[in-house]
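Here are some notes to read alongside the model. Take them point by point, with the structure open beside you.

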Amino acid sequence: MSETSATTETGEPASRPRKSSWKYIGPGIVVAATGVGAGDLVATLIAGSKFGYTLMWAAVIGCVVKISLAEAAGRWHLATGRTLFDGWRSLGPWTTVYFAIYVVVWGFIYGATAMSSSALPIVALFPDGPGLKFWAIVTGLIGLLFVWFNRYAVFEKAMTILIGIMFVVVMYVAIRVVPDVGASFAGLLPALPDGSLLYTLGLIGGVGGTITMAAYGYWVNAKGWSNSSWMRVMRLDNRVAYITTGLFVVAMLIVGAELLHASQTALTSGDRGLVDLGRVLEDRFGAGTAKLFLVGFFATSFSSLIGVWHGVSLMFADFVERFRAPAGPASPVISETSEASGASEVSEVSEEEHAGPAVTARQQRSLPFRSYLLWLTFPPMTLLWLDQPFGLVIAYGVLGAFFMPFLALTLIWLLNSSRTPGEWRNGWVSNGMLALSGLLFIVLCVQQVRDLPW
C-alpha cells in the first residue's frame, strides 16, 4: 500500500493513514510475550486460589489500563518522531539520573531472575540432568547469542512462536479444569472480599506492567512504523497485545479458582509456584498434562528473557546516544523500515526538529546495545551462587516500584504539552486512563516499598 501521494505546505510528502490490518501485527505480540512473566502468572494463580472468580473484573480493568499506557507510548513515538527517552530528557535532567540508576541496577538483578526462571521448568522436565545454575547460564547465553546476531524480523517471529506455545498451553489447562462459566461472568461485577485489596491492585497493575511497556514504542519503530500514518495500525496492534495478556490472566484465574481454591492448595510465591502447579496438574491429570504445562512455563519465561534482552538494550542504546549527542546541525538517521521490503532510508534530522526514530539498524549493532546485552547476561550470573546483597534488593525494589508511576505521569506530561502535535495530544479519555493508572501505580509503589525487607 502506497504511503504517500499528497504533499505538505513545504512541498514534502504527507503520509496517508494506513488501514489497520492484521497482517501488520507484530510489536504487540512482542510486548505481550515479554510482559507476562512466570511471577505474574503465579500472582494471578494465588489470587484465584484465595478468592475464586471474584476478582475477574480486576483483570479486565488491568487490561484496559495497559492498553492506555502502551498506546500513549506508541503514540508519542509515531506522532513526534522522537523516542520516549528523548521525551523524558526534555523534562529535565532528573529523568536522566533516574533512568541511568534504574537501568543499571534493575538489569543486574533482573538478569539473574530471568535466567533462573527459564531454567526452572527445564530442571523439572529433566530432574536427572544438570542443575539449576547450569541451565540458567545456558538459557542466558542462548538469549545473548540470539539477540546479538538476529535483527528485529527474526526476533519477532521467535516471540510469536513462543507466545503461541504459551497461549495454547494456558488455554488448554484452563479448559481442562472445566471453568464455571456462570461464576466467571459473576466475577465481572466489582467486589472486594476481605483481605483482597492488595491482590486486586496487583491484578490491575502487575501483569504485563514493566519496563517493557516503555519499550513498546521502540519495537514499533524497529518494525518500520516511523510516523503518524501508522497510528491506526499501532492501536490495533496494541489492543491485540493486551487483550492477549488479559486472556492469560483470565485463564490463570480460572486455573487458580478451579484447581486450587476448592482444595485450598498453597503455592510457593515467585516463579517456583509454577513448578508446584505442575505437580498438582500431574496428580490431577497425569504426567502428559504436567509436562505440557512445563513447556508453556519455559515459553513464558524465555520469551520474557529475550524480550528484555532486546527491548531494554534498545532503550539503553538510545539513552547513551541521547546523553552523548550535542545540540547542533542535522545528522543522518538510518531507520529500519518495513520488514517486507527490507529497505532502509536515510533522512537528515536536526535535534530541534526531533524527527526520525532512534530505533535504528545502526543502534542494534551499536556498542551500547551490545554492552547492555553483556551486562544483562554475565554479571548477574554471580547472583546464581550468592544470595542477593541486601542493599541491591532494596535498591531494586525501590527503583522498580517507582518505574510505572514514572512512566504514567511523564506520559501525561509529554502528551499534553507542545512537544506533541495538537492532533495527537491526549483527549479526556486518555488523560483519565493515564491519571487512573498513575494513581494506581503510586498506591502499588507505596505498598511495594513498605513490604521491602528494610
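1. What percentage of the 454 residues in the chain is buried? Buried residues make up 56% of them, where buried means under 20% relative accessible area, exposed over 50%, and partly exposed in between (1.4 Å probe, protein chains only). Bear in mind that this is a predicted model, in which local features need pLDDT of at least 70 and side-chain atom pairs count only at pLDDT 80 or more, while totals for chains, interfaces and linings use all residues. Residues are numbered from 1 along each chain as its sequence is written, and side-chain values use heavy atoms, with hydrogens and water left out.

2. Now the overall make-up. The chain has 17 helices and four strands; these are DSSP runs (helices H or I, at least four residues; strands E, at least two), numbered from the N terminus. Its accessible surface comes to about 18,900 Å², with 65% of that belonging to carbon and sulfur atoms (Shrake-Rupley method, 1.4 Å probe; for residues, only the protein chains shown count as cover). Take the contacts between residues at least 6 apart in sequence: 83% of these join residues at least 24 apart, a contact being heavy atoms within 4.5 Å.

3. How far does the confidence go? The average pLDDT is 82, and 83% of the residues score at least 70; pLDDT is the predictor's confidence in each residue, from 0 to 100. Where pLDDT is low, the predicted coordinates should not be read in detail.

4. Have a look at helix α10, residues 212-222. Eleven of its eleven residues are buried, so the helix is largely enclosed by the rest of the structure. Among them are Tyr216, Tyr218 and Trp219. Just after α10, Gly224 takes a positive phi of about 110 degrees.

5. Next, the cavities. Searching the whole structure turns up two of 30 Å³ or more. The search uses a 1 Å grid over the protein atoms alone, and a cavity is a set of points where a 1.4 Å probe fits but cannot get out; lining residues have an atom within 4 Å of a point. Grid points are joined across faces, edges and corners, and a volume is the space filled by probe spheres set on the points. The second largest cavity holds about 40 Å³ of space. Elements giving two or more residues to its lining are α7 (152-176) and α13 (287-324), and α13 supplies the largest share, four residues. The lining has seven nonpolar residues, two polar and no charged (nonpolar: Ala, Val, Leu, Ile, Met, Phe, Trp, Tyr, Cys and Pro; charged: Asp, Glu, Lys and Arg; polar: the others, Gly among them).

6. Val169 is one of the residues lining that cavity. Val169 lies in helix α7 and counts as buried because its relative accessibility is 3%. Leaving aside neighbours within four places in sequence, Val169 touches Leu292, Phe293 and Gly296.

7. Is Val178 buried or exposed? Val178 is exposed, because its relative accessible area is 57%. You'll find Val178 in the loop between α7 and α8 (181-186), with a positive phi near 60 degrees in a residue other than glycine.

Notes
1 Å grid on protein atoms, 1.4 Å probe; cavity = no way out; pocket = protein on both sides within 12 Å on 5 of 7 lines; lining within 4 Å.
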